[in-house]
Structure formats: structure tokens, C-alpha cells
Amino acid sequence: MKFTPPTQRIPDDFTFRHGKNEDAAQIIDLVHTVLLEYGLQPEPDGVDGDLANVEVHYHQGFFGIIEHRSRIVATYALFPLSDQSAEIRKMYVHHTARGRGLGKWMLYHLLEIARYNNFKEIELETATALQEAMGLYKKFGFIE
């Protein structure tokens, strides 16, 4: 997948970059923290198994992180399913970084990457407990 930089400016005090395997401990901690906060169980041997090796699992896709003062506070990813479709994955924001527009920024960036790579269909899965995420996805035109 070809990468395109975002056209929108990231909110102040935050930086973004590609996630690396050396980030695995912080990535896993962030995702597990958010899941547990919403009463969901992490699945390190299941759907969350890709977090320990993002360079391999997302080598044909994109896995991004957002940092605040060198600490990972958000993750977001795009995974190709076929030449025509991709899936948005791993959009998580630590509670201390919420309300700053990061979710909207990440989703917008992922959609830009998808457009740049000529994907015609974008899908995602989320838990109903993640009401803020569901609201954001609906604002961007996703349907259940």
C-alpha cells in the first residue's frame, strides 16, 4: 500500500508516525487499557495478536501511532482485504487524549490513504460498547 501524508494538520502537541515493532509494549498497553475501560476483554491470542508484530501484520497496509510527549496515546490502521477493499482497524485513543479531535483526524487520514490506493469499499468492525467510536463512524457515513 502506498502511503500519503495527511492533508489536515494534526491537533496541537501531537505527532504521528508509522508504528514499529519496538513500540509493541506501548501499543499493547494502550489497546488493552482502552478495551478494559469499556468492559471489553483484550484477545492477545486472537484479534489483538497483530499488535506484537505490526511490521509483519501491516506490511501491505498501514499502522500508525500518535504520540504526545514521546508517549503513544493513539493507534490507527488500514488493512487491505482485496484490490478493491480495505478494513479500518485498531483505532484507539487513550482517555487522556480524547476530546482533542484525534479520532476524526485519524479516520480522515485513513480515508485519504484508502482513496490514494483506489480502494472502493472501506469496512470496519467495532464493539457496541464503544459508543463514541460508533458515533464518529456514522458521522463519516459508515452504516451498520
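This is a predicted model: local features need pLDDT of at least 70, side-chain atom pairs count only at pLDDT 80 or more; totals for chains, interfaces and linings use all residues.
Residues are numbered from 1 along each chain as its sequence is written, and side-chain values use heavy atoms, with hydrogens and water left out.

Visitor: How far apart are the end C-alpha atoms of helix 1?
Guide: Helices are DSSP runs of H or I with at least four residues, and strands are runs of E with at least two, numbered from the N terminus. Helix 1 covers residues 24-37, 14 residues in number. The expected span is 1.5 Å times one less than the number of residues. That gives 20 Å for helix 1, and the distance between its end C-alpha atoms agrees: 20 Å.

Visitor: Which residue just after helix 1 takes a positive phi?
Guide: Helix 1 ends at residue 37. Just after helix 1, a positive phi of about 75° is taken by G39.

Visitor: Which element gives the largest share of the lining of the largest pocket?
Guide: A pocket is an open set of points on a 1 Å grid over the protein atoms alone, where a 1.4 Å probe fits, with protein on both sides within 12 Å along at least five of seven lines; lining residues have an atom within 4 Å of a point. The largest pocket is lined by 19 residues, and V47, K90, Y92, E125 and T126 lie nearest its centre. Two or more lining residues come from strand 4 and from helix 4 (131-139). The largest share, 6 residues, comes from strand 4.
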